[in-house]
Amino acid sequence: MSVQPEQERVSETGCWCCGGEYPEAQLVRLGSHPEVGVCLRCARWLQRRAVQRHDEQHPSPAGRLRGGIQTVRDAVIRKGWHQRGTLGVVLRWIDRHLP
């Protein structure tokens, strides 16, 4: 009986969402599936989507406020304002501090 050589493992330092390569310190691992890593930027995006889904299922005044913020965020991205010099810097700073 012969032993087959161990196959090389796929790099586990990549984000499963965006496909980017990141150091381990910048990845969030899923508890039941530690092989799944998501970068901090994608983890934040997923968190926003999870809150949005929760707000859809459980309407509240706070949820409507977050929905309004998301509508404005989508419009800014669609128009490309987040990429415009000083205005873009300010908009990205505001975005990091909004829910």
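Visitor: How do the residues lining the largest pocket divide by class?
Guide: This is a predicted model, in which local features need pLDDT of at least 70 and side-chain atom pairs count only at 80 or more, while totals for chains, interfaces and linings use all residues. Residues are numbered from 1 along each chain as its sequence is written, and side-chain values use heavy atoms, without hydrogens and water. A pocket here is an open set of points on a 1 Å grid over the protein atoms alone, where a 1.4 Å probe fits, with protein on both sides within 12 Å along at least five of seven lines, and lining residues have an atom within 4 Å of a point. With Ala, Val, Leu, Ile, Met, Phe, Trp, Tyr, Cys and Pro counted as nonpolar, Asp, Glu, Lys and Arg as charged, and the others, Gly among them, as polar, the lining has 10 nonpolar, 2 polar and 8 charged residues.

Visitor: Which element gives the most to that lining of the largest pocket?
Guide: Helices are DSSP runs of H or I with at least four residues, numbered from the N terminus. Helix H1 (40–57), helix H2 (61–79) and H3 each supply at least two residues of the lining of the largest pocket. The most, 7 residues, comes from H1.

Visitor: Which element gives the largest share of the lining of the second largest pocket?
Guide: The second largest pocket has 14 lining residues, with Arg48, Val51, Gln52, Asp55 and Arg66 nearest its centre. Two or more of its lining residues come from each of H1 and H2. The largest share, 8 residues, belongs to H1.
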